[in-house]
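Here's a quick briefing to read alongside the model. Have the viewer open as you go.

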Amino acid sequence: MTTDAVVRRPWLWPLFRRPIRAQFDRLASGWDAMRDPQHLVPFERALERIAGPVQDALDVGTGTGAGALAIARRFPGAAVVGIDVSSTMLDEARRHLSADLADQVTFRVGDAARLPFDSSTFDLVAHANMIPFLDEVARVLRPGGWTLFAFSSGAETPIYVNPGTLRQGLECRGFTEFAEIAAGRGTAILARRAQRH
Ligand SMILES: C[S@@+](CC[C@H](N)C(=O)[O-])C[C@H]1O[C@@H](n2cnc3c(N)ncnc32)[C@H](O)[C@@H]1O
């Protein structure tokens, strides 16, 4: 319900921010134990479809950091930032950061509705099981950059946005080259920001 409301009316998000953050602060210590071991498969399949270099990447709503770490492994030359409203989730994420990725991945508190980055900062903005804020995605992506939205259990995912809604929202913000992916128990959509819009 929250996902649907915020996707349709992003200006409602400030009403939800505090309870959502509190919910994930509470869930943080048990989050990974609740995850299906295959939960990131659609996210990883979407990463594999990205053609071209990625130097700067953002994982939005990174939680305990699995998406950010997957990006770092897939693109060893990339600087990866994982952002989340819940500092407690990020404490868990930092615990998972192995020494070999410590120079490549950083985690910081921030809100997807108002990303603390300049325009045209990233080549990739990724989301796993996260409410999308498409104006911000379009703003922080470089022309030609990629965005992906993965849902670990497809339409059964508690935070889910159907591909038609995502595609419509992305098209009107100048995204092209869509791919819809089904993998494991989940789905993902990958899109590219046009070079010019
Ligand atoms: C369902 S969890 C997904 C976590 C992780 N991506 C995964 O798939 O395991 C959603 C995460 O997004 C964070 N979140 C929700 N709304 C957010 C927002 N507007 N900005 C940043 N993080 C947000 C929550 O705190 C939570 O950690």
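The largest nonpolar core has 48 residues, and Ala126 and Leu148 have the most contacts inside it. Strand 5 gives the most to this core, with 6 residues. A nonpolar core here is a set of buried Ala, Val, Leu, Ile, Met, Phe, Trp, Tyr and Cys residues joined through C-beta atoms within 7 Å. All of this comes from a predicted model, where local features need pLDDT of at least 70, side-chain atom pairs count only at pLDDT 80 or more, and totals for chains, interfaces and linings use all residues. Residues are numbered from 1 along each chain as its sequence is written.

**Cores**
- A second, separate core of 5 residues includes Met89, Leu90, Ala93 and Phe107.
- Leaving out residues up to four places away in sequence, Leu148 touches Phe43, Ala46, Ala126, His127, Ala188, Ile189 and Leu190 (contact: C-beta atoms, placed from the backbone, within 7 Å).
- "Buried" takes 20 or more other C-beta atoms within 10 Å of a residue's own, "exposed" 12 or fewer, and "partly exposed" is in between, with C-beta atoms placed from the backbone.
- As general background, nonpolar side chains tend to be buried together in soluble globular proteins.

- Helices (H or I, at least four residues) and strands (E, at least two) are DSSP runs, numbered from the N terminus.

**Strand 7 and its partners**
- Strand 7 (residues 186-193) pairs with strand 5 in the antiparallel sense over 6 bridges; Thr147 stands opposite Ala191, and Leu148 stands opposite Leu190.
- Strand 6 also runs antiparallel to strand 7, joined by 7 bridges, and Ala183 stands opposite Gly186.
- Strand 6 and strand 7 make a hairpin with 2 residues between them, and Gly184 in the turn has a positive phi of about 60 degrees.
- Strand 7 is mostly covered, with 8 of its 8 residues buried.
- Gly186, Ala188, Leu190 and Arg192 point one way from strand 7, while Thr187, Ile189, Ala191 and Arg193 point the other way.

**Ser152**
- Ser152 is in the loop between strand 5 (141-151) and helix 8 (163-171).
- Ser152 counts as buried because 24 other C-beta atoms lie within 10 Å.
- Beyond its neighbours within four places in sequence, the contacts of Ser152 are Asp36, His39, Pro42, Asn129, Thr157, Arg185 and Gly186.
- Asn129 is 23 residues away from Ser152 along the chain, yet their C-alpha atoms are separated by 6.8 Å.

Note on methods:
Contact = placed C-beta atoms within 7 Å. Pairing = 2+ DSSP bridges.
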